[in-house]
Amino acid sequence: MKRVTLIAGIFGLGLTLWMLAQFGVSSIFSLVMTGGWGILAAIAFHSVQVFLSASAWRTIAGRTFGPVLPLRAYFMLRCVREGINNLLPVAQVGGEVMSSRLLARRGLGLKHAAAATICDLTIELLSQVVFTLSGLVMLLFLVKRSAVTDRLLESALVLLAIGGGVFISQWLGAVAFIEKLLIRIAAHLGWSGVDGIRGLNKEVLALYKSGRNAVTGLILQFCAWALGAVEVWLILHFMGHGCSLATGFVIEGVGEAAKSAGFAVPGALGVSEGGYIMVGSLFGMPPAVAIALSLIKRLREIAWGLPSLILWQWLEHSWRPYAERLRKMPFSRTGL
């Protein structure tokens, strides 16, 4: 797995360097420097998206199946998820694994924390598919139909099928299969602690059925994705290539879909830039501007990601003893 990740990372880095050379390194970095205040605005504005995503995660975790942790706990863990996924050489679910483990330490227990994270990740995927499809429908009203728009629509339908397949597979018992497989492997190898995930499938299904939590989570996640249009608008505005919010909505939808499609490449290097170039060309955006936009978004990821990695290490130490004390204390159900 490490070798595959390394090869994918080298490929992504090579593709990025090739695009920089192809479209002019100096002009691209000049555009990035022109972004100036747009970079700071994007960094600050991202806090709203993190807040909405954290709220969705907390909502999906529910109030019936375990302690209700304050929103700030989910906000910190959401930062950790993004920091690990964006900056470390792992697949796009490494952050979910680590944050789920920390969530379990915080008092939710391994089974409930894993179930809540699985549900949140699935609903986030579905909301992204809805967001991308909405952007492509909007695209058809903004530009003429072409071979590029047809390919984008075909790719979106594939994403929709994948997202729907992931959701349906959970209802059909995919989590139960994984649960049994892990328990058998653990028993064979003599691992301890895996018994804590017994009943994981039932926990996942129970969270989906808990009131309207899943629907509320979907709406919150969709709003978080949609606000990415404002980030694109801000960055392009400060670079001197202003666009409408509708155009920003389309660009963000396709760009994030390309990043998700390149999950096997650490940081989706090169893949994300290619997505922005493709959709930007439909609006007459020069490739250099599209790459600069992608690089500024990467600067925002670094600005959030580096402190988040430090936060991760702090939580690894500070939440270890706190989890023990938490078991003996009444849980707040209203605190932020």
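I take a nonpolar core to be a set of buried Ala, Val, Leu, Ile, Met, Phe, Trp, Tyr and Cys residues joined through side-chain atoms within 4.5 Å. Buried means under 20% relative accessible area, exposed over 50% and partly exposed in between, with a 1.4 Å probe and protein chains only.

**Entry 1. Ground rules**

I am working on a predicted model, where local features need pLDDT of at least 70, side-chain atom pairs count only at pLDDT 80 or more, and totals for chains, interfaces and linings use all residues. I number residues from 1 along each chain as its sequence is written, and side-chain values use heavy atoms, with hydrogens and water left out.

**Entry 2. The chain**

I looked up the secondary structure and got 14 helices and zero strands. Helices (H or I, at least four residues) and strands (E, at least two) are DSSP runs, numbered from the N terminus. I then checked burial and found that buried residues make up 50% of the 336 residues in the protein chain. For contacts (heavy atoms within 4.5 Å) with a separation of 6 or more, I noted that residues 24 or more positions apart account for 77%.

**Entry 3. Largest core**

I went to the largest nonpolar core, which has 35 residues. Tyr74, Leu77, Leu103, Val204 and Leu315 touch the most other members. I listed the helices that each supply at least two residues of this core: helix 3 (37-61), helix 4 (71-87), helix 5 (94-108), helix 6, helix 9 (200-209) and helix 14 (287-326). Helix 4 gives the largest share, seven residues. Apart from this core lies another, of 33 residues, and I noted Met239, Ile277, Leu282 and Leu293 among them.

**Entry 4. Helix 4 against helix 5**

I looked up the axes of helix 4 and helix 5, which come within 7 Å and cross at roughly 155 degrees. Axes here are lines fitted to C-alpha atoms, for helices over the stretch in contact, and angles run from 0 to 180 degrees between N-to-C directions. Helix 4 and helix 5 are therefore roughly antiparallel to each other. The classes are under 35 degrees for roughly parallel, over 145 for roughly antiparallel, 65 to 115 for roughly perpendicular, and oblique for the rest. Helix 4 passes helix 5 in a right-handed crossing. A crossing is right-handed if the near helix is turned clockwise from the far one by less than a right angle, and left-handed if anticlockwise.

On the helix 4 side I recorded Tyr74, Leu77, Arg81, Ile84 and Asn85. Helix 5 contributes Gly94, Gly95, Glu96, Met98, Ser99, Leu102, Leu103 and Leu108. By class I got seven nonpolar, four polar and two charged residues. Ala, Val, Leu, Ile, Met, Phe, Trp, Tyr, Cys and Pro count as nonpolar, Asp, Glu, Lys and Arg as charged, and the others, Gly among them, as polar.

**Entry 5. Helix 6 and its partners**

I found helix 6 (residues 110-142) packed on helix 7 (residues 147-171) at an angle of about 155 degrees, with the axes 9 Å apart. That makes helix 6 roughly antiparallel to helix 7, and the crossing is left-handed. The contact has 15 nonpolar, six polar and no charged residues.

I then turned to helix 10 (residues 213-226), which packs against helix 6 at about 50 degrees with axes 8 Å apart. The two helices are therefore oblique to each other, and helix 6 passes helix 10 in a right-handed crossing. Among the residues that meet are Phe131 of helix 6 and Trp225 of helix 10. This contact divides into nine nonpolar, five polar and two charged residues.

**Entry 6. Single residues**

I picked threonine 122, found in helix 6. At 4% relative accessibility, threonine 122 counts as buried. Not counting residues up to four places away in sequence, threonine 122 touches Val166, Phe167, Gln170 and Tyr208.

Leucine 311 is in helix 14. I noted that leucine 311 and methionine 76 are 235 residues apart in sequence and 7.7 Å apart in space, C-alpha to C-alpha. With residues up to four places away set aside, leucine 311 touches Met76, Cys79 and Val80.

**Entry 7. Helix 9**

Is helix 9 enclosed or exposed? Seven of its ten residues are buried, so helix 9 is largely enclosed by the rest of the structure. I listed the buried ones as Leu200, Asn201, Glu203, Val204, Leu205, Leu207 and Tyr208. Glycine 211 follows helix 9, and its phi is positive, near 55 degrees.
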